[in-house]
Amino acid sequence: MPTRTFLFAAATLLWAVPACCDEAAAAKRFAAAKGSEPELIAFLKGMPKGADLHNHVWGAVYGETILDIAVQRSFYFDPQTFALSTAPASGLLPASDLAKDRALSNKFLEAVSMRGGHPGESGHDHFFATFYKFIPAMDALGPDARLSEAIGRAKDQNVQYMELMEEVESGTVTEGLLKAPPAIDDMDQALAAVRKKFPALLADAAKYLDERDREVTRRLGLKAPITSVESPITIRYIFALPRTVPDPVFFALMAAGMELAAKERRVAAVNVLAPEDDPASRKSFDSQMRIIDFLWNKLGQPNMTLHAGELTLEISPLEPMRSRIRKTIELGHARRIGHGVSIAWEDDLPGLLREMKAKRVAVEINLSSNEGILKVSGDRHPFNLYRRAAVPLTLNTDDEGVNRSNLTMEYVKAARSFDLSYQDLKDLARNSLEYSFLPGASLYVDGDYRRLRPELAGVRHPGWGADAAARKLMSDSEKLRVQARLEQAFAEFEK
Ligand SMILES: [Zn+2]
């Protein structure tokens, strides 16, 4: 072998860590299971999945939990809409009827989820209406029960990390901002007014999240707090605000969210909620992007992940879809995009895809949700369009309770809809940590999953033990720490 070739081969061996252990055997088992949905479920439910980065906790709660708490708290319901109420009123029936009558309880479960096919109503309208029906149940459950259901379910499916859209403070400060938002003709003055609330906001969030750390950790039977990287499943929160509010309210809540994302360790990012095709969202989109652009530059450039392009021609004119995702990245500073379904309608699509690849803007894919709400699945979905352009993708649940799904099922759907290999699914799981908002350096060199940091070169072997250099790297980077946990979980799974 000529010396140069030998040196090159040696260097490659040093850097490119070969696949370890029984990856090939696991890939074989996967390929054999792929033709059958139950066999694939059986294989994938235990496969390590990295993270769920797009999870609305209220939508993660299953209808059965909602029904049980409604009965337990002696709520009432409207027999036409199945909306819950805490107080009796004319025409309402006691929730105890739901427990006695099987047909009625089935109808209730269909009304608060996508189960049953929602005849006479579009998936889009039925989906967004469910949330208004179960607000009293969410309040009655409280954050600890809601979080425990979502986190416990993910943990059982070998998920290492979650970024959850849930409340991150008691509401005292944000409700004040909601009721008395500042005038925003002069945005500098408006921000100065909101800044006065920041110390109280940060103190309130710290206390609120300390309580979740204690109580949810206890309920799940874990030792380390759920927001710690010592926990087998690590949680971060995303502050979410609606896009359907007037601009001054949007400004005040966005400023609050960005301050929390910049200063509170457990709040990883900010997102915006509510249907993009809602008349209020449609009218306010451009002014909201200007507000985000202004605040983001003033408030420490916090992490942003924004729903964008959850649209089709059925619910949106063409015009907004020509620039929705581009503006969300360029003005909204989104480092991740939620859904991105309408991408094909964007102006200069090749340029936008190149920009997403270069800036490493990932897309949070939500297959069950897109199928139920937008009727977009299989080759109607832009999954392969993004993939061919090397835009990073992650698989997520969105609203697993309402959609009657879970992260395993999202992997099953992706594998069967887009003919993915076991290695493809592993890379999707790795993407979910690589593009997470966990701080710190990555385990992978230049985002290349074949190249591990040399200090952790052995991490893909079962029974690997970290030496001092590896321990130092892991204590310096929360992201690397959780990525190492995922690689170890793969090694265990494939053993
Ligand atoms: Zn969403």
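Predicted model: local features only at pLDDT ≥ 70, side-chain atom pairs only at ≥ 80, totals over all residues.
## Starting with burial

A residue is called buried if 20 or more other C-beta atoms lie within 10 Å of its own, exposed if 12 or fewer do, and partly exposed in between, with the C-beta atoms placed from the backbone. By that count E167 is buried, because 20 other C-beta atoms lie within 10 Å. E167 sits in the loop between β5 (161-165) and α10 (172-179). Helices (H or I, at least four residues) and strands (E, at least two) are DSSP runs, numbered from the N terminus.

Residues are numbered from 1 along each chain as its sequence is written.

## The whole chain

Now for a step back. The protein chain holds 23 helices and 13 strands. Its radius of gyration is 23 Å, close to the 23 Å that the globule rule gives for 495 residues, so the chain is as compact as a globular protein of that length. That radius is taken over C-alpha atoms, and the globule rule is 2.2 Å times the number of residues to the power 0.38. Along its principal axes, the C-alpha trace spans about 90 × 55 × 50 Å.

Of the 495 residues, 47% count as buried. Two residues are in contact if their C-beta atoms, placed from the backbone, lie within 7 Å. Among the contacts in the protein chain with a separation of 6 or more, 76% come from residues 24 or more positions apart.

## Where α8 meets α18

Helix α8 (residues 123-133) packs against helix α18 (residues 367-374) at an angle of about 115°, and their axes are 6 Å apart. These axes are lines fitted to C-alpha atoms, for helices over the stretch in contact, and angles run from 0 to 180 degrees between N-to-C directions. The two helices, α8 and α18, are therefore roughly perpendicular to each other. Angles under 35 degrees count as roughly parallel, over 145 as roughly antiparallel, 65 to 115 as roughly perpendicular and the rest as oblique. On the α8 side the contact is made by G123, H124 and F127, and on the α18 side by G372, I373 and L374. By class, the contact has three nonpolar, three polar and no charged residues. Here Ala, Val, Leu, Ile, Met, Phe, Trp, Tyr, Cys and Pro count as nonpolar, Asp, Glu, Lys and Arg as charged, and the others, Gly among them, as polar.

H126 is buried, because 21 other C-beta atoms lie within 10 Å. Leaving aside its neighbours within four places in sequence, H126 is in contact with M114, H118 and E121. H126 and S113 are 13 residues apart in sequence, with 8.2 Å between their C-alpha atoms.

## Helix α23

Helix α23 (residues 478-494) has 17 residues and reaches 25 Å from its first C-alpha to its last, close to the 24 Å expected at 1.5 Å a residue. The expected span is 1.5 Å times one less than the number of residues in the helix. This helix is mostly covered, with 13 of its 17 residues buried.

Q488 lies in helix α23. It counts as partly exposed because 19 other C-beta atoms are within 10 Å. Leaving aside its neighbours within four places in sequence, Q488 is in contact with V459 and W464. Q488 and R322 are 166 residues apart along the chain, and their C-alpha atoms are separated by 43 Å.

## Two loop residues with positive phi

Most residues other than glycine have a negative phi. Q301, in the loop between α14 (279-298) and β8 (305-308), has a phi near 45°, a positive value in a residue other than glycine. With 13 C-beta neighbours inside 10 Å, Q301 counts as partly exposed.

R404 also has a positive phi, of about 50°, although it is not a glycine. You can find R404 in the loop between β11 (393-395) and α20 (407-417). R404 is partly exposed, with 17 other C-beta atoms within 10 Å.
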